[in-house]
Amino acid sequence: YGLRSLGRAKRMGMRTVVQRASTHPRVQARLLAEEYARWGLTFRISEPALRRAQAEIELADRVLIPSDWVRRTFRDEGLADERLLLLPFGVDTARFRPILQPAPHPFRVLFVGQVGLRKGVPDLLEAWRTLGWHDAELWLVGPIEDAARPVFQRWAGLPGVRFVAYTPDPTAVYSQADVFAFPSLEEGSALVTYEAMACGLPVVTTPNAGSIVRDGQDGWLVPGRDPATLADRLERLRADEPLRRAMGEAARRRAESYTWDAHGAALARLLAGLLADGYK
């Protein structure tokens with residue numbers, strides 16, 4: 001009912017803000033269509049739903065977005081910068097925190113999210129195949145996308161790969177990992193990257209994840225659809241324990257600036273700024 005509510009608010013003389021938690025809807029549709037076609041599949045999205053989402057964006061006075069990556073997609077679709085309000089998400093740093101003495105385990109790379117095409121899981125599996133490790137583990141935690149199951153058969157039998165469909169306590173899997181890998185192709189600002197950072201994990205992700213990761217400091221940003229570079233960064237993190245530890249500590253410090261309390265206070269300031277500019 002967002003479009004109807006926006007129309008009513010405008011008729012009442014109110015100013016409006018729409019939150020877009022992901023990329024511009026047209027960009028999102030294109031990226032996903034390209035990725036599904038890459039694997040011989042068809043991505044289907046409702047054209048009326050796309051038109052409605054775009055109409056909401058066009059009608060609102062401001063659009064609240066979570067990352068620079070999302071801002072770029074809106075710019076590409078012709079939306080002026082002054083209509084965009086940038087505010088990253090947050091994380092519960094009391095719940096998601098490093099474990100001082102984790103249980104001994106093999107070197108372990110963790111992915112959390114829907115195990116599917118949008119999240120770049122085929123590229124992660126291909127990177128894992130390239131690495132050829134027989135004494136390390138890759139945990140893929142989350143529901144498997146049905147459409148992607150035939151695609152994943154290409155990597156059936158890879159050593160160390162474990163599919164975990166569900167976990168009641170995600171903090172437990174973060175505490176059992178050494179590195180977090182999230183090669184997503186389309187996000188707004190993936191919450192799992194905040195959670196992993198808060199748990200003290202270096203994060204290897206893509207610019208398209210819209211994360212707060214700083215390349216070379218809290219982890220690495222690698223291009224999407226680039227298993228070779230992804231494999232290289234994972235190899236470097238495994239080989240260099242001091243680097244891995246330093247990046248993990250930097251990730252935790254970074255996450256501490258992005259609590260939900262800080263997010264709420266920043267949102268209040270943004271709205272107050274609109275009021276100060278004559279919005280009411």
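These are my notebook entries on a predicted model, written up one topic at a time.

**Ground rules**

I count residues from 1 along each chain as its sequence is written, and I use heavy atoms for side-chain values, with hydrogens and water left out. As the model is predicted, I need pLDDT of at least 70 for local features and 80 or more for side-chain atom pairs, while totals for chains, interfaces and linings use all residues. My helices (H or I, at least four residues) and strands (E, at least two) are DSSP runs, numbered from the N terminus.

I began with an open sheet of three strands, whose order is 1-2-3 with parallel pairing. I call two strands paired if DSSP finds at least two bridges between them. As a reminder to myself, strands of a sheet pair through backbone hydrogen bonds, either parallel or antiparallel. Which strands stand at the edges? They are strand 1 (17–19) and strand 3 (84–86); each has a single partner strand, so one side of each is left without a neighbour in the sheet. On average, neighbouring strands here are turned by 25 degrees against each other, direction ignored. Strand 2 (residues 62–65) runs parallel to strand 3, and three bridges join them. I looked up leucine 64 and found that its bridge partner in strand 3 is leucine 85.

**Entry: aspartate 61**

I then stepped back to the loop between helix 3 and strand 2, where aspartate 61 is found. Is aspartate 61 buried or exposed? Its relative accessibility is 10%, so I count aspartate 61 as buried (buried means under 20% relative accessible area, exposed over 50%, partly exposed in between, with a 1.4 Å probe and protein chains only). The side chain of aspartate 61 makes a polar contact with the side chain of lysine 10 at 3.1 Å. A polar atom of that aspartate 61 side chain also lies 2.9 Å from the backbone nitrogen of threonine 16. My rule for a polar contact is a pair of N or O atoms within 3.5 Å; within protein, one must be able to donate a hydrogen and the other to accept it, and residues adjacent in sequence count only if both atoms are side-chain atoms.

**Entry: strand 4**

Next I checked how covered strand 4 (residues 107–112) is, and six of its six residues are buried. I found Phe107, Val109 and Phe111 on one side, with Arg108, Leu110 and Val112 on the other, so both faces are covered. Strand 4 pairs with strand 5 (residues 136–141) in the parallel sense, over six bridges. Arginine 108 stands opposite glutamate 137 in strand 5.

**Entry: two serines**

How do I describe serine 175? Serine 175 is partly exposed, with a relative accessible area of 23%, and its place is in helix 7 (residues 170–175). A polar atom of the serine 175 side chain lies 2.7 Å from the backbone oxygen of alanine 172. Leaving aside neighbours within four places in sequence, serine 175 is in contact (heavy atoms within 4.5 Å) with Ile99 and Pro102.

Serine 184 sits in the loop between strand 7 (179–182) and helix 8 (191–198). I noted a relative accessible area of 0%, so serine 184 is buried. Its side chain reaches the backbone nitrogen of glutamate 186 at 3.4 Å. Not counting residues up to four places away in sequence, serine 184 touches Arg118, Lys119, Gly120, Thr206, Asn208 and Ala209.

**Entry: arginine 225**

What is phi of arginine 225? The value is near 60 degrees, which is positive in a residue other than glycine. I wrote beside this that most residues other than glycine have a negative phi. Arginine 225 is found in the loop between strand 9 (219–221) and helix 9, and at 33% relative accessibility I count arginine 225 as partly exposed.

**Entry: helix 9 against helix 10**

Last, I looked up helix 9 (residues 227–239) and helix 10 (residues 241–255), which pack at an angle of about 105 degrees with their axes 5 Å apart. My axes are lines fitted to C-alpha atoms, for helices over the stretch in contact, and angles run from 0 to 180 degrees between N-to-C directions. Helix 9 and helix 10 are therefore roughly perpendicular to each other (65 to 115 degrees; under 35 counts as roughly parallel, over 145 as roughly antiparallel and the rest as oblique). Leu237, Arg238 and Ala239 of helix 9 make the contact with Glu241, Arg244 and Met247 of helix 10.
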